[in-house]
Amino acid sequence: MPSKTDQRLHALTTATRLCFQRLYDADPQLLVAAPGRVNLIGEHTDYNDGFVLPVAIDRHVVLAASPRRDRYVQLYAADFDQACTFSLDDIEHDSGTRWSNYERGVAWALQEAGYELPGLDIVLSSNVPIGSGLSSSAAIEVATAFAFQLAGNLPLDGVQRALLCQKAENEFVGMRCGIMDQYIISLGKRDHALLIDCRSLDYELVPIPAGCALVVCDTQKRRGLVDSEYNTRRHECEQGAQMLGIPALRDIGAEEFRTREAELPPVIRKRCRHVVTENHRVLDAVQSLRTNELARFGELMNASHVSLRDDYQVSCVELDAMVQVAWEQQGVLGARMTGAGFGGCTVNLVQEQDADRFQQKVASGYTAITDLEPEIYVCKAEEGVRRLD
Ligand code: ADP
Ligand code: MG
């Protein structure tokens with residue numbers, strides 16, 4: 001009996017292939033799947049040169065493609081029922097089909113790096129929820145880069161692919177983002193998390209012990225305030241590092257910070273305490289995966305939430321309610337907000353046999369408090385981008 005993961009991906013792939021056949025009157029020559037992602041622990045550490053620990057999840061962008069003889073890329077977004085075409089010789093930003101700027105940006109970044117691209121016919125569809133913080137955008141970028149790579153025989157490794165996709169999002173789409181999303185989607189492995197050092201960009205795959213589910217709960221509270229608060233937090237961290245006389249908050253250990261935190265004014269002290277302790281928690285969390293101590297891992301997730309709520313102050317009523325309800329459930333190992341904050345999702349580590357019940361209980365408990373209907377996704381740690389067929 002195929003797993004839920006396989007069934008879901010198979011259904012999406014079949015629909016995408018059929019759509020391609022209808023539209024272009026031929027079989028696609030290649031099919032690729034790129035997963036969404038969730039960050040298990042390590043929040044607001046990336047811009048402090050610290051550590052993050054994301055996993056790829058079994059929700060995917062699927063792309064069916066065939067090379068063309070000319071220099072055009074013809075795109076169809078099945079979920080939006082919209083098409084567009086652009087020339088590889090003149091890649092422009094398009095405000096009419098904003099969704100196509102991810103594909104355009106990737107083609108642009110690959111060509112900027114000197115790669116010769118073939119024209120492509122593409123159909124794109126996805127079951128990564130859009131705008132929920134599971135990185136549907138980076139999944140599209142990495143899927144597109146991989147399709148060009150396969151069709152054009154480009155000698156790109158996973159790290160180069162990720163960096164070029166990040167460049168596409170930063171410079172072409174115009175969205176400032178770190179490297180986490182493109183790294184995990186490009187380099188992830190099934191049943192593994194990816195420890196990323198955001199300073200050196202070194203990475204390490206860490207096996208996730210069997211028997212647990214990753215449950216993502218979308219509060220349905222859309223993130224307000226994020227940009228201004230995000231910039232304020234960044235600035236406070238920079239100020240803190242400067243006052244401590246270090247290049248970045250990465251450069252002080254939790255022990256030393258405790259002896260020196262009184263040097264900082266109260267608000268900056270709290271912000272820095274979160275970042276310093278969070279980096280420590282990520283490394284501890286990696287250790288606990290290695291030694292198969294899932295309960296310990298869960299405690300670190302819980303401590304991360306408390307730190308984000310009280311010291312970094314980026315949670316909100318809805319995130320706190322979702323986490324609180326989760327903490328009360330049977331089989332939960334850990335629960336925390338994930339992403340920038342002020343709305344969006346929580347991530348939960350749950351004993352596999354309790355996952356369905358957890359999903360129901362958290363949904364009803366959360367609705368009772370907030371009157372909002374959450375979306376809840378029970379996920380597995382999935383392979384990074386790959387070719388299907
Ligand atoms: P997130 O990456 O958190 O899901 P973003 O706002 O960064 O949210 O990216 C969402 C954008 O990515 C959408 O507005 C759309 O332009 C593009 N996108 C996501 N999913 C699809 C899809 N299925 N088809 C076409 N474009 C998509
Ligand atoms: Mg995104």
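This is a predicted model: local features need pLDDT of at least 70, side-chain atom pairs count only at pLDDT 80 or more; totals for chains, interfaces and linings use all residues.

Entry 1, a glutamate. I looked up what E261 touches and found R269 and R273, leaving out residues up to four places away in sequence; contact here means heavy atoms within 4.5 Å. E261 is in the loop between α7 (254-260) and α8 (266-290), where helices are DSSP runs of H or I with at least four residues and strands are runs of E with at least two, numbered from the N terminus. Is E261 buried or exposed? I list E261 as buried because its relative accessibility is 18%; the cut-offs are under 20% for buried, over 50% for exposed and partly exposed in between, with a 1.4 Å probe and protein chains only.

Residues are numbered from 1 along each chain as its sequence is written, chains are lettered from A and ligands numbered from 1 in the order written, and side-chain values use heavy atoms without hydrogens or water.

I took a nonpolar core as a set of buried Ala, Val, Leu, Ile, Met, Phe, Trp, Tyr and Cys residues joined through side-chain atoms within 4.5 Å. The largest one holds 83 residues, and L53 and V55 have the most contacts inside it. Beyond four places in sequence, the contacts of L53 include I41, L195, V206, V286 and F297. Another core of 22 residues lies apart from this one, with L249, L264, C272 and L308 among its members.

I counted strands as paired if DSSP finds at least two bridges between them. β3 (residues 72-77) pairs with β4 (residues 82-87) in the antiparallel sense over 6 bridges, and with β5 (residues 119-126) in the parallel sense over 5 bridges. V73 stands opposite F86 in β4, and its bridge partner in β5 is L120. The β3-β4 hairpin has 4 residues between its strands, and D81 in the turn has a positive phi of about 50 degrees.

I found 14 residues around it, of which D79, W99, G131, S136 and S137 come nearest; near means a heavy atom within 4 Å. A side-chain N or O atom of D79 is 2.7 Å from a nitrogen atom of ligand 1. A backbone N or O atom of G131 lies 2.8 Å from an oxygen atom of ligand 1. α3 gives the most to the shell, with 3 residues.

Note on methods:
A polar contact is a pair of N or O atoms within 3.5 Å; within protein, one must be able to donate a hydrogen and the other to accept it, and residues adjacent in sequence count only if both atoms are side-chain atoms.
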